[in-house]
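The following exercises concern a single protein chain.

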Amino acid sequence: MDSPSHPAHRTWQHGGVTPAPHASSSPPGPAGAPHPFAAGEFGAVPDSADAVLEGLDPEQRAVATTLHGPVCVLAGAGTGKTRALTHRIAYGVRAGVYRPSTVLAVTFTQRAAAEMRGRLRGLGAGGVQARTFHAAALRQLQYFWPKAVGGEPPRLLDGKFPLVAEAAARNRMRLERTELRDVTGEIEWAKVTQTTPEDYPAALAKAGREPPRDPAETGRIYATYEQLKQDRGVIDFEDVLLLTVGILADRPDIAETVRGQYQHFLVDEYQDVSPLQQRLLQLWLGDRDSLCVVGDAGQTIYSFTGATPDHLLNFRARHPHATVVRLVRDYRSSPQVVHLANGLLGQARGKAAEHRLELVSQRPSGPEPVFAEYPDEPAEAEATARRIVELLTPVERGGPGVPASEIAVLYRVNAQSEIYEQALADAGVPYRMRGAERFFERPEIRQAGLALRGAARAGANDRALADADGLAGQVGAVLAATGWTPQPPAGSGAVRERWESLRALVRLAEDFERARPGATLGEFVAEVDERAAAQHAPTVEGVTLASLHTAKGLEWDAVFLVGLTDGMLPISHARTPEHIEEERRLLYVGVTRARWHLTLSWALARSPGGRAGRRPSRFLDGLRPAGAGGAVRPGVTGSVERGQGARGRRPRGPVKCRVCGRTMTDAVEIKLRRCADCPSQIDEELYERLREWRAGRAAELGRPAYAVFTDATLTAIAEGAPGSERELSRIPGVGAYKLRQFGAEVLALCAGEAAAAPGAEPPGAAPDTTSRPAGK
């Protein structure tokens with residue numbers, strides 16, 4: 001039986017270390033206090049190996065000091081996993097156990113890799129390679145291609161869209177932009193799961209994956225796309241991994257050369273590894289076990305790209321002697337936010353849920369999360385903008401004084417952003433779109449870079465620097481020549497966005513100067529150039545608008561999770577239990593982005609005056625305060641905020657298929673009360689009579705046919721053949737208004753009679769004996 005190396009901290013709530021049987025590690029040293037939040041991106045370089053360990057908590061210290069053998073770190077959101085990982089590398093280097101050139105740390109984004117390199121430099125471990133899987137593989141592919149294949153390596157495609165569109169056209173298919181994106185995504189999934197075009201349809205069925213279009217069509221486009229690449233001598237990003245794997249697997253001499261170079265491997269965000277990336281990692285490792293992986297199965301949200309948490313969850317099975325460390329001390333979020341996050345994941349099901357981590361907040365108590373309900377989407381967006389304005393109010397004016405860059409509005413799909421862009425613009429709040437134009441590609445930043453490089457070369461000969469005070473003052477003086485001023489311009493729009501971009505460079509210089517007193521302008525320019533190469537942008541002042549997927553790895557003081565309705569989260573096309581659970585994890589990622597203020601909101605209708613037919617996301621069931629009826633002020637704890645005009649509605653539970661019993665989320669399936677692929681018991685004759693009647697009534701009213709009843713509603717009526725007004729009202733799509741307008745006619749048709757005259761009593765209806773006031 002394994003014995004803990006830190007008995008006092010082995011409890012689930014306070015993390016724990018499960019050492020490898022008979023494994024040894026470096027002495028952990030005195031227990032470190034929980035680390036505070038970093039004040040900036042730059043810190044003083046520790047003066048010794050032991051100093052690297054200062055400030056680490058016991059579990060982080062265990063990660064940092066266990067330098068040999070396989071190590072698996074299960075790290076919850078906000079628990080300092082990147083800190084533990086970089087300190088492990090730095091401690092190994094500073095203690096003389098690792099040579100920097102023999103260490104390879106891999107992660108999934110250029111920004112994360114750049115941040116890791118920056119932290120390692122700050123810890124005195126410069127020279128360690130920290131790259132994405134693709135970047136590391138590309139370097140190896142380019143270097144070994146002449147030896148393994150001969151000639152120049154093929155050119156890397158800038159993007160797949162043009163070639164995928166051409167492949168579709170050659171198969172007599174024209175793809176709209178969204179269809180092109182869907183098909184490209186399917187091709188990428190097939191390649192990272194090592195699926196060939198001919199095997200694509202079968203692989204879909206095996207994986208339980210819902211394709212966006214006919215699998216045979218996508219398979220043909222995929223095959224043509226591969227042929228076009230081969231004809232033109234180009235490769236895509238997935239080919240980089242595939243070809244590197246092929247070379248290492250086929251050429252043992254090259255594999256041994258790589259293994260001689262890299263002897264210690266660390267993988268961040270291990271839950272996001274695809275089968276192809278795992279294969280590459282195995283080839284890098286060979287028969288060695290100097291591997292440390294860090295991940296959280298509760299944050300697996302990229303299965304559509306081929307990512308799977310299985311490699312993380314099965315790590316101990318593959319490496320029986322591995323040390324497993326659990327990080328659960330949450331340094332990011334308040335106890336209130338953490339409590340909600342734990343409750344959300346506590347309802348999860350499936351294999352990943354069996355390994356969930358119960359977080360324990362290390363922060364002071366904060367405000368309760370706010371649950372807000374609104375009558376329609378514009379009301380939700382306007383209220384969100386008003387609340388953001390309140391958060392921005394400076395402290396000296398009695399407000400919280402939250403900076404705009406520390407506020408985010410997160411949504412499920414990018415199409416939801418437009419209404420929030422408009423609401424923030426109307427409120428005069430600056431914002432930035434996550435995933436929009438890259439910071440270092442903006443014209444003003446390119447111009448600023450040229451000016452800074454010129455000033456650094458000129459040095460004392462540049463008169464603009466003569467009276468500047470310190471590095472930040474020098475940067476400000478140089479940027480002044482491009483039109484920047486310390487005071488922001490009036491208003492918003494493009495002029496304000498340009499100012500915010502340049503201000504971000506000045507703030508970066510301030511941080512750099514604080515961390516490295518006496519730093520020169522040339523050193524700062526080198527830092528900026530390295531960030532530009534890695535697309536590691538500084539913070540721009542403005543509220544962030546982002547999808548939940550792109551928010552992964554980020555955090556803010558205040559987070560607004562908007563549009564939380566069934567059909568949006570979980571998204572309507574998430575139908576299997578596995579896909580539903582991934583949608584739950586996506587919301588969990590959103591919740592754990594918040595440090596202090598958290599608002600979760602939804603709208604009952606899309607447009608003002610629309611039918612309030614939506615219901616809050618099922619993931620909020622059991623988490624929302626119960627019994628909230630009327631409107632309350634935003635920020636009041638322990639209740640639900642209802643926007644003006646919202647009517648109280650009876651919460652609807654999960655809708656289950658009347659045939660197989662599966663919980664349904666698709667709107668059409670909910671109307672039919674059965675899964676699309678479950679057998680139908682439709683009365684075909686009744687359906688045709690209903691269609692003829694609908695066509696006549698639509699022409700009579702001057703409306704399109706669907707405005708009377710949609711095809712899905714007619715199908716549901718023909719399947720159920722309701723015999724009373726009450727039964728008819730239970731069919732989704734038959735609201736109170738349509739029941740009054742068309743109920744008698746529809747019930748007559750269901751009874752085999754001619755449609756009753758408009759306004760007639762429905763068959764079998766009891767006479768209304770209720771006394772009514774005159775005129776009512």
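**Exercise 1. Locate Q140 and decide whether this residue is buried or exposed.**

Solution. The model is predicted.
Step 1: Q140 is found in helix 5.
Step 2: the relative accessible area of Q140 is 9%. The cut-off for a buried residue is under 20%, so Q140 is buried.
Step 3: when neighbours within four places in sequence are set aside, Q140 is in contact with T244, L248, V258, Y262 and W284.

**Exercise 2. Classify the aromatic pair formed by F133 and W284.**

Solution. Step 1: a search of the whole structure finds 10 aromatic pairs.
Step 1: for F133 and W284, the ring centres are 6.0 Å apart and the planes meet at 5 degrees. Planes under 30 degrees apart count as stacked, and the pair is therefore stacked.
Step 2: this pair links distant parts of the chain, since F133 belongs to helix 5 (residues 133-148) and W284 to helix 12 (residues 275-285), 151 residues apart.
Step 3: both F133 and W284 are buried.
Step 4: F133 and W284 also belong to one aromatic cluster, together with F108 and F265.

**Exercise 3. Describe how helix 12 is covered, and what follows just after this helix.**

Step 1: the buried residues are L276, Q277, Q278, L280, L281, L283, W284 and L285.
Step 2: just after helix 12, G286 has a positive phi of about 65 degrees.

**Exercise 4. Classify the aromatic pair of Y270 and F315, and examine E269.**

Solution. Step 1: Y270 and F315 are both buried.
Step 1: their rings lie 6.3 Å apart from centre to centre, with 90 degrees between the planes, and the pair is edge-to-face.
Step 2: distant parts of the chain are again linked, with Y270 in the loop between strand 7 (264-267) and helix 12, and F315 in helix 14 (residues 315-318), 45 residues apart.
Step 3: E269 is found in the loop between strand 7 and helix 12. The phi of E269 is near 55 degrees, which is a positive value in a residue other than glycine.
Step 4: the relative accessibility of E269 is 13%, so this residue counts as buried.

**Exercise 5. Determine how helix 17 and helix 18 are placed relative to each other.**

Solution. Step 1: helix 17 (residues 377-392) and helix 18 (residues 417-426) pack at an angle of about 45 degrees, and their axes are 9 Å apart.
Step 1: the two helices are therefore oblique to each other.
Step 2: the crossing of helix 17 and helix 18 is right-handed.
Step 3: helix 17 makes the contact through E377, P378, E380, A381, E382, T384, A385 and I388, and helix 18 through I419, Y420, A423 and L424.
Step 4: sorted by class, the contact of helix 17 with helix 18 has 8 nonpolar, 1 polar and 3 charged residues.

**Exercise 6. Describe the backbone at P570 and at A721.**

Solution. Step 1: P570 is found in the loop between strand 16 (556-561) and helix 23 (577-591). The peptide bond joining L569 and P570 is cis, with omega about 5 degrees.
Step 1: A721 lies in the loop between helix 27 (711-720) and helix 28 (725-729). Phi of A721 is near 45 degrees, a positive value in a residue other than glycine.
Step 2: with a relative accessible area of 37%, A721 is partly exposed.

Technical notes: Residues numbered from 1 in each chain as written. Predicted model: local features only at pLDDT ≥ 70, side-chain atom pairs only at ≥ 80, totals over all residues. Heavy atoms only, no water. Phe/Tyr/Trp six-rings, centres within 6.5 Å; stacked < 30°, edge-to-face > 60°. Helix = DSSP H or I, 4+ residues; strand = E, 2+ residues; numbered from the N terminus. Buried < 20%, exposed > 50% of the residue type's maximum accessible area, 1.4 Å probe, protein only. Axes fitted to C-alpha atoms, helices over the stretch in contact; angles between N-to-C directions. Parallel < 35°, antiparallel > 145°, perpendicular 65-115°, else oblique. Left-handed = near helix turned anticlockwise from the far one by under 90°. Contact = heavy atoms within 4.5 Å. Nonpolar A, V, L, I, M, F, W, Y, C, P; charged D, E, K, R; others polar.
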